Structures are given as structure tokens and as C-alpha cells.
Amino acid sequence: MGLFGRGKARDPYGREALIAQNEAMVERAGATAQREAAAGRWAEALTFSDISLQAVVALARFEPGDPRHVHGEAAVLYFHASVLGRNGRVDEAIAAADRAAELYRRLQPHNPGKYNQLVADADGRAERWRAELAGHAAPAVEAPAAEAPAAAAPEEDLADTVDSAVKILGDVALSLTTERPLSPKEARGLSAIGITPVGADSTRARLARFHNTIADRLSMEDPDDDGRVQGLRVDWTVQGLRVRAHDLFVEASEAQEMEMRTGFGDYGLEWARTLLFLAKGERESDDDDAYLLEEYCGWLAGVLGQLRPYAIVDGPTAELVQEADAFLQEVGDW
């Protein structure tokens with residue numbers, strides 16, 4: 001058959017196989033999640049629902065814009081919202097339901113009769129969980145009162161919370177870099193400024209992303225001449241968060257977490273960005289010790305090797321890979 005099989009060039013990165021694998025994972029994990037939920041095993045349902053979601057998101061990256069994958073992600077998110085809420089992760093449930101409604105709206109022009117109702121259903125699910133979070137009412141369909149998390153009384157007005165966003169971010173950063181669990185007040189403060197808190201029981205990959213989210217928000221602040229914002233040394237704090245995010249990605253990879261296997265196009269891209277940030281910082285530092293620069297570049301080269309298949313179908317990934325390759329060529333032979 002020659003080098004190219006039956007007249008067709010080989011898929012050098014196994015793209016078709018990856019698509020088939022993710023399609024099967026969406027179906028199998030989704031069906032298992034439904035069964036676990038029907039049996040009232042909500043923790044197990046969440047595990048499989050999350051796997052199904054990661055797989056359908058991966059499909060959307062392989063075939064961007066395909067209405068099947070837009071619909072598939074929305075449908076998985078709609079179910080995922082309910083399972084998140086049943087597990088007490090109400091903020092994430094609201095975000096998932098809102099995202100489902102947003103995706104269904106994209107499809108409305110194709111079939112208004114079908115998608116008008118789906119949008120309304122997703123919006124309704126989000127509103128029920130908002131009511132639960134506010135303590136106004138327990139969603140009768142979503143979760144019985146015995147399983148619903150108790151709404152905490154606010155310790156401060158939300159307007160004051162938003163005004164003190166930098167202090168909240170600084171407190172959360174301290175908690176993360178010292179590996180101390182977030183306090184209820186810190187979690188409520190993050191929610192008030194639009195960041196979904198992540199629990200200590202989350203996967204390492206999600207914890208890594210959470211560290212980067214806080215670092216990203218802190219990086220948006222304008223420091224004074226001493227590099228501080230309200231007394232917080234932003235550059236040191238952001239550096240510590242990024243280093244910890246990298247460590248968590250390493251641990252997640254070595255533990256072969258499901259998210260790192262099925263959602264590498266997403267988490268791997270974030271890991272590569274983290275490594276590029278750290279490597280650039282080491283190159284620009286006054287430290288003559290090149291050990292850390294070599295360490296970060298070595299990891300970056302390895303992550304890029306796994307990301308290249310995704311660069312074929314995803315523009316942001318292709319741009320990041322190109323930028324990182326150029327950087328590695330500048331600093332040495334990788």
C-alpha cells in the first residue's frame with residue numbers, strides 16, 4: 001500500500017482516532033453519569049459528567065464551529081449544572097447552566113422552535129440555582145432541601161466586597177501559596193468579583209487553573225513605584241502563583257488525571273503559557289543561575305510536543321506554540 005496507505009495520507013497526529021475516542025467517551029461517560037444520578041450517587045455522577053464534558057470540549061477544538069459539538073457541549077453542560085448543584089458546587093452550577101444557555105442561543109437561528117425552549121430551560125436551571133445560592137428558595141426539581149448547601153449570611157455588602165477586590169485577591173493568593181483552604185469569606189468575596197472558587201478537593205489540573213486565574217486578575221492591577229498595590233507586592237505574588245500552578249500541572253500529569261488526558265488541548269495550553277511566563281521571567285532576572293531557566297524550558301519543550309496536534313485545528317494553540325518555539329530557539333537548542 002506504500003507510505004500513504006490506500007491512497008490517503010496518513011494522519012500523522014492520529015486526529016481521526018482522537019475524534020473517535022472522544023466521541024465514544026462523551027457517549028459512555030454521559031450514559032454512566034445519567035445512571036449514577038438516577039441512583040442518587042451524585043459524587044460518582046459528577047466524575048463521569050465531568051469526563052463527558054471534557055471530551056465534548058475536546059471535540060469542539062478538533063472540529064471548531066461544528067453545530068453538533070456546540071449542541072453536544074450545551075446538552076452536557078445542562079446536565080452537568082444539576083450534578084454540580086447536587087454536590088454543593090452551586091456557583092459552578094450557575095456558570096454551567098449559563099454557558100449551556102449561551103451555546104443554545106448560538107443555535108437558535110438554525111431551529112428556533114427547538115432551541116427557544118432549550119434556552120428557556122437552561123436559563124430556568126440557572127435561575128433556580130441562583131435562588132438556592134441566595135437562600136431565597138430551594139429548587140424543587142434540582143435538589144431536595146436536605147442536600148442543598150446552607151446559604152451563608154453575608155459578612156459585608158457586595159459593593160464593599162467589589163471595592164476591596166485587590167485585598168480579596170491578595171488574601172486568596174496567600175491562602176493558595178501557603179496551601180491553606182479558602183475561608184468562606186474569601187470564597188464569597190471571589191464570587192462577588194466574578195471568580196468561581198475552587199474547592200481543595202478539586203483535581204490538580206483545576207487547582208492549577210484556579211491559581212492562574214488569581215494571578216491573571218492580579219496582573220491587571222497597576223502597581224505603584226515600589227511594585228505594590230495596597231501593600232501587596234504583585235510581581236512576587238503572581239510569580240508564586242504561577243510556580244505553584246506549574247507544580248500542580250506536573251503532579252496532575254504524573255498522576256495521569258483524566259482531565260490531563262482527555263482535555264490536554266485545554267489544560268496543556270494553559271500549562272505551556274505558564275511555563276513560557278516563568279521561563280521568560282528567569283531569562284530577564286539578574287540571577288546568574290541558569291538552572292531554573294533550563295528546567296522551565298525543558299518542561300515547555302515537552303508540553304509543546306504534546307500540544308502540536310491541537311495546533312493543527314486551534315488558532316490560539318498554534319499561536320502559542322509558534323511563540324514558545326521562537327523563545328526556545330532564542331535561549332538554546334531545544
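A residue is called buried here when its relative accessible area is under 20%, exposed when over 50%, and partly exposed in between (1.4 Å probe, protein chains only). The structure is a predicted model, in which local features need pLDDT of at least 70 and side-chain atom pairs count only at pLDDT 80 or more, while totals for chains, interfaces and linings use all residues. Residues are numbered from 1 along each chain as its sequence is written, and side-chain values use heavy atoms, with hydrogens and water left out.

The protein chain contains 14 helices and two strands, both taken as DSSP runs numbered from the N terminus (helices: H or I, at least four residues; strands: E, at least two). Of its 334 residues, 43% count as buried. With contact meaning heavy atoms within 4.5 Å, residues 24 or more positions apart account for 63% of the contacts with a separation of 6 or more in the protein chain.

Salt bridges come next. Side chains of opposite charge can pair when their charged atoms come close. Counting a side-chain nitrogen of Lys or Arg within 4 Å of a carboxyl oxygen of Asp or Glu as a salt bridge, the structure holds 21 of them. One joins the side chains of D50 and R206, at 2.3 Å from N to O. Because D50 belongs to helix α2 (residues 42-62) and R206 to helix α9 (residues 204-219), this pair ties together parts that are 156 residues apart in sequence. D50 is buried, at 12% relative accessibility, and R206 is buried too, at 17%.

R204 forms a salt bridge with E251, their closest N and O atoms being 3.5 Å apart. This pair links distant parts of the chain, 47 residues apart, with E251 in helix α10 (residues 234-254) and R204 in helix α9. Both partners are partly exposed: E251 has a relative accessible area of 30%, and R204 stands at 32%. In another salt bridge, the closest N and O atoms of R209 and E270 lie 2.8 Å apart. R209 is in helix α9 and E270 in helix α12 (residues 264-284), so parts that are 61 residues apart in sequence are tied together. Here R209 is partly exposed at 24%, whereas E270 is buried at 16%. Salt bridges that share partners also join D50, R89, E92, R206 and E259 into one network.

Helix α3 (residues 67-86) has 20 residues, of which 15 are buried, so the helix is largely enclosed by the rest of the structure. G88, whose phi is positive, near 85 degrees, follows α3.

The second largest pocket brings several of these elements together. Its lining comprises 31 residues, and L53, L77, R206, R209 and D266 lie nearest its centre. A pocket is an open set of points on a 1 Å grid over the protein atoms alone where a 1.4 Å probe fits, with protein on both sides within 12 Å along at least five of seven lines, and lining residues have an atom within 4 Å of a point. The space in this pocket is about 860 Å³. At least two lining residues come from each of α2, α3, α4 (90-107), α9 and α12. The lining divides into 14 nonpolar, seven polar and 10 charged residues.

Key: Points joined across faces, edges and corners; volume = space filled by probe spheres on them. Nonpolar A, V, L, I, M, F, W, Y, C, P; charged D, E, K, R; others polar.
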